[in-house]
Every structure is written in C-alpha cells, then in structure tokens.
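Visitor: Please take me closely through one part of this model, and then show how the rest is arranged around that part. I would like a single connected account.

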Amino acid sequence: MKQYTYFLLLGIIAILEAGIFFWSVEHLEPLIMTGAVIIGVLTAWISRQMVDDVITDERSHLITEKASLRTLQVMGIVLFSYALGGVVISIGGEVFGPFSYQIARFSFLLMFIVFLMIIVYVLFIFWYERKFGAGGEDEE
Amino acid sequence: MHDLTQEDLAREVGVTRQTILAIEKGKYDPSLELAFKMARRFGVTIEDLFIFGEQTP
C-alpha cells in the first residue's frame, strides 16, 4: 500500500468516527462509539503495517519519545495541581468561586487518574530498564 | 559523485527523506546502526562520512 492511500484511509476512518459519534449521541449508544474507536484504531494499525514506504524511523521515534515525555510532564503537573486544588475545596466542603462542592469532588477521581498515570509510567521505566540491560548484577 | 538523491538513499537505508535532510543539516545525529548503513552504502568508514564534534553543555 502506498503512503498516500494510507493517509486517505486515515481520513475516511476519521470521517466515519465523527459520523458514528454524532449518531451515538443522537441515539444514546455509548458502547457503539467505544467499539467504533477500538475498531478504527485497529484498522489504522493494520493498514499501517501494509504500507510499503517508510513512515516512521529512528528520528520520528526520537521526536515521539521527547514529545511524549514533555506532554506527560506538563499534563502531570497541570492535572495534579488542578486536582489538588479541587481536593482542598472538597475537603473544606465550601463553595469556592465557580466550583461547587460536587464539582470539586471530581478532583478525587482526577487525582486517582494522575496517580495511575505515574504508576504506569514507573512500571514502563522498570520494563525498559530491564529491556535495555540497566538492571541486574554487574559482570566482573 | 554517487548520483544519488536523498529519496534513494533514504529508501536504501530504511529511513525517511526528512531524516537524511536533518542529518545533512546537522540537526540530527544518526544512530550507530544508521551511520554504519550509510557508510557501507558509500563504501567508506564512518569516520570518512561523519565528523565527531563534541557538544558543549
């Protein structure tokens, strides 16, 4: 498959996903939307394997790695600080500006997601430490 | 000299043309594997193809 065909296919998948989203909202079918996203991602992934041209290489991997790490750092700080502020309001049980007590409680869930993200990050660090041989005993 | 386009070289060593362009501009340092592939393609050693310049921190 040519690279152009692959990008065309991605465009078609995106349009279909948007169409399914509006249909799901209208008919209140969240499972259809969730399934459509999974099928869409799988289709895109399979199509990518069929492309003959080089789409990604070591440079694009490096760019993705750096961008991912920076995104994780920035979003981690933003979400954590926001969640922590919400938790303070939540524990205080008061109305604070535009935040109500109920809305602030959402911050507990957000805080949990942030911690989950950190745990997943640490697990991947361990995984790659092992993969690239940094762990274990030194050879004499 | 080798009558080779960036596109051809990229295809032969298995990277994108943008990567070859970035290496030429000095914006990207290739991996050892890619450096070997490129050197082998031109029939020279890595030292002939690349100059090591230490970056100041």
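Guide: Leaving aside residues up to four places away in sequence, Ser107(A) touches Tyr82(A), Ala83(A), Gly86(A) and Val87(A). The model is a predicted one. Ser107(A) sits in helix H4 of chain A, which covers residues 101–131. Its relative accessibility is 2%, so Ser107(A) counts as buried, the cut-off for that class being under 20%.

Chain A as a whole gives the setting for this residue. Chain A has 4 helices and 0 strands, and from the N terminus its elements run α-α-α-α. Of the 140 residues in chain A, 17% are buried; Ser107(A), at 2% relative accessibility, counts as buried too. Among the contacts in chain A with a separation of 6 or more, 55% are between residues 24 or more positions apart. The accessible surface of chain A is about 11200 Å², and carbon and sulfur atoms hold 72% of that surface.

Val37(A) lies in helix H2 of chain A, residues 30–49. With 40% relative accessibility, Val37(A) counts as partly exposed, whereas Ser107(A) is buried. Val37(A) and Leu16(A) are 21 residues apart along the chain, and their C-alpha atoms are separated by 10.0 Å.

Next comes the contact with chain B. Chain A gives 6 residues to this contact and chain B gives 10. About 660 Å² is buried between the two chains, with carbon and sulfur atoms giving 55% of it. On the chain B side, Thr16(B), Thr19(B) and Tyr28(B) supply 58% of the area that chain B buries against chain A, more than any other three residues. Helix H2 of chain B, residues 17–25, provides the largest share of the side that touches chain A, namely 3 residues. That side of chain B divides into 5 nonpolar residues, 5 polar residues and no charged ones. Between chain B and chain A there are 0 salt bridges, but there are 4 residue pairs in polar contact, both residues being at pLDDT 80 or more.

Salt bridges do occur in the model: the count over all chains is 4. One of them joins Arg17(B) and Glu7(B), whose closest N and O atoms are 4.0 Å apart. Arg17(B) belongs to helix H2 of chain B and Glu7(B) to helix H1 (residues 6–13), so this pair ties together parts that are 10 residues apart in sequence. Arg17(B) is partly exposed at 32% relative accessibility, and Glu7(B) is partly exposed at 41%.

Asp8(B) counts as partly exposed at 27% relative accessibility, while Arg11(B) counts as exposed at 57%.

A further salt bridge pairs Glu12(B) with Arg41(B), the closest N and O atoms lying 2.3 Å apart. Glu12(B) is in helix H1 of chain B and Arg41(B) in helix H3 (residues 32–42), and the pair links distant parts of the chain, 29 residues apart. Relative accessibility is 48% for Glu12(B), which counts as partly exposed; Arg41(B) is also partly exposed, at 27%.

How values were computed: Residues are numbered from 1 along each chain as its sequence is written. Chains are lettered from A and ligands numbered from 1 in the order in which they are written. This is a predicted model: local features need pLDDT of at least 70, side-chain atom pairs count only at pLDDT 80 or more; totals for chains, interfaces and linings use all residues. Side-chain values use heavy atoms; hydrogens and water are left out. Helices (H or I, at least four residues) and strands (E, at least two) are DSSP runs, numbered from the N terminus. Buried means under 20% relative accessible area, exposed over 50%, partly exposed in between (1.4 Å probe, protein chains only). Contact means heavy atoms within 4.5 Å. Accessible areas come from the Shrake-Rupley method with a 1.4 Å probe; for residues, only the protein chains shown count as cover. Buried area is the accessible area (1.4 Å probe) that two parts lose on being put together, summed over both. A salt bridge is a side-chain nitrogen of Lys or Arg within 4 Å of a carboxyl oxygen of Asp or Glu. A polar contact is a pair of N or O atoms within 3.5 Å; within protein, one must be able to donate a hydrogen and the other to accept it, and residues adjacent in sequence count only if both atoms are side-chain atoms. Ala, Val, Leu, Ile, Met, Phe, Trp, Tyr, Cys and Pro count as nonpolar, Asp, Glu, Lys and Arg as charged, and the others, Gly among them, as polar.
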